[in-house]
Amino acid sequence: MFGKFRVSESEIQVFNRLPEEVTERILSQLPISSVFQSRRVCKSWNKLLTSSSFLHLWNKFSLRESWFLVYHTCRIVAAFNPNSHKWNNLPLYDRCCLDSTQILLLASSGGLLCFRNRNSDYPTLIVCNPVTGAHKVLPDMPQVRYIDIVGMVAFDCSYKILVTGTVEPASCESITEVYDSRTDNWEHHCCSELEFLQTWYEVHAIWHEGFFYCLATPLNTSQGYHLIAYDMENRVWIDLDVKMPLGDRGLRCHSLLICQGKLILAGKIVEDYLIKSICMWELKCRSWVKIGEMPEEILKKIHSPHSVLINCQGHGDLMCFSTHRGWQSIIYDMSDRSWHWLPDNDVCGGSKLQALGRNNLVGLLYQPSLSAKV
C-alpha cells in the first residue's frame with residue numbers, strides 16, 4: 001500500500017535505548033504512510049505504533065495530509081497525495097469488509113468515508129476508516145427513504161451526517177435528519193416544502209463555518225441551480241439567492257469546493273452543446289466573481305470525447321480537476337496560478353478498462369487518519 005521501508009539493525013537499537021515515551025513522541029511526527037511502513041520493522045515497533053497512547057500523540061502532533069480521491073476500480077480506491085506527488089492505492093473494500101458492487105460513496109470528512117447501500121428501498125449508511133479498517137453500519141433513518149442531499153463533518157472526537165430527503169418519491173415535504181456519532185442516533189431537524197430541496201440526483205453538501213452548502217437543481221421546476229445552505233445551529237435551509245454565472249444556462253458539471261477558506265465554484269461553460277471553457281468563480285457579496293480559467297491546451301487534453309463529466313475538489317491552495325475516467329487529472333495551484341498534471345497511476349494493474357463508468361468519478365477530499373473513530 002505505501003511502498004518499501006528499510007531500517008538498519010543499528011538504527012533500531014538506537015531507538016530501543018530511548019525511553020518509550022520519547023520514542024513515541026519522535027514517531028508521532030511521522031506522516032501516516034511512514035507510520036504504516038514503521039509498523040513492519042519489528043514486533044515491538046508494531047505494538048508501540050498501534051497503542052492508544054501513540055495514536056493520541058499522533059493525532060495531536062502529526063501534520064495532517066490531504067489526499068484527493070480521484071477514482072476507483074471494483075477493488076481499490078485511488079487517492080493522490082499532493083505533498084509527496086504520489087498515488088496511494090487503498091484496499092478499502094477488503095480492509096473494511098465491504099462489497100464494492102453494493103455501495104456508493106457519498107461523503108468524506110476527518111479521515112472517514114460515508115457510503116450507502118445500492119438498490120434498496122431502505123437506504124442504509126455505512127461509515128468506515130480506510131486506514132484502520134474500522135467500519136460501522138448506522139441505525140436506520142427514522143423517516144427519510146429517498147435521499148436528495150447528504151453531507152458529513154467530523155470534529156475532534158465525533159462526526160455528524162446530514163441527510164435531506166423524502167418518505168415517498170412523490171412527496172412534497174422534505175425532511176432533514178442528522179446523525180450524531182456521540183449518541184449513535186438520528187435526530188429530526190426540520191421539515192420543509194421548499195422545491196429546491198428535492199433534486200434530480202443525490203447532491204453532496206460541503207461543510208464551511210457552521211453551514212452545509214450545495215448546488216441543488218429543483219425537481220419540478222425549470223429554475224436552474226440554487227446555491228443553498230443549511231444552518232446547523234438554527235436548523236433551517238436557506239436559499240442564498242445568488243445568480244449563477246451566465247444566468248445558469250450554459251453551466252455544466254459544476255462543483256462546489258473550499259479553497260483558501262473561500263467558497264469556490266468550478267464548472268464547464270457550454271454553448272450549442274460544445275464546451276467553451278472550464279472556469280472558477282469565488283463567492284463575493286452574494287455574487288460569483290471569476291477568478292480563473294483553464295488554458296485551452298489543457299482543456300483540449302482533459303476534455304476528450306470519452307471524458308464528458310469533469311469534477312473539481314479543493315483544499316488549501318489546490319484544486320484538482322479530474323474526468324470520470326479518472327486517469328486524466330490536473331491540479332491548479334491558486335497561489336501561483338500554475339497547472340500540474342498528475343502522474344500516471346497503475347491502480348488498474350495496467351488495464352484502464354477496469355476503471356470505466358460514471359461511478360468511478362469520486363471527487364472527494366480525504367484526510368487519512370489513524371485515530372478517527374467510526
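1. Glu282 counts as buried, at 10% relative accessibility; buried here means under 20% relative accessible area, exposed over 50% and partly exposed in between, with a 1.4 Å probe and protein chains only. The residue sits in strand 18 (residues 274-284), where helices (H or I, at least four residues) and strands (E, at least two) are DSSP runs numbered from the N terminus. Leaving out residues up to four places away in sequence, Glu282 touches Lys262, Leu263, Ile264, Ser287, Trp288, Val289 and Ile291, a contact being heavy atoms within 4.5 Å.

2. The model is predicted, so local features need pLDDT of at least 70 and side-chain atom pairs count only at pLDDT 80 or more, while totals for chains, interfaces and linings use all residues. Residues are numbered from 1 along each chain as its sequence is written, and side-chain values use heavy atoms, with hydrogens and water left out.

3. On confidence, pLDDT is the predictor's score for each residue, from 0 to 100. The chain has a mean pLDDT of 83, and 86% of its residues reach 70 or more. Confidence is highest in strand 10 (residues 174-180), at a mean of 97, and lowest in helix 1 (residues 9-16), at 65. Two stretches call for caution. Residues 1-5 stay under 50, and the model has 18 contacts for them beyond four places in sequence. Residues 355-359 are also below 50, with 16 contacts beyond near neighbours in sequence.

4. The secondary structure of the chain comprises 24 strands and 7 helices. Of its 374 residues, 51% are buried. Among contacts with a separation of 6 or more, 48% join residues 24 or more positions apart. The accessible surface is about 18400 Å², with 50% belonging to carbon and sulfur atoms; areas come from the Shrake-Rupley method with a 1.4 Å probe.

5. The largest nonpolar core has 27 residues, and Leu69, Leu92, Leu98, Phe115 and Leu370 have the most contacts inside it. Such a core is a set of buried Ala, Val, Leu, Ile, Met, Phe, Trp, Tyr and Cys residues joined through side-chain atoms within 4.5 Å. Helix 3 (residues 32-38) gives the most to this core, with 3 residues. Because domain 1 (10-58) and domain 2 (64-366) both give residues to the core, it lies between them; the domain bounds come from an automatic or database assignment.

6. Leu370, beyond its neighbours within four places in sequence, is in contact with Ile32, Val35, Phe36, Arg39, Phe54, Leu55, Trp58, Val131 and Thr132.
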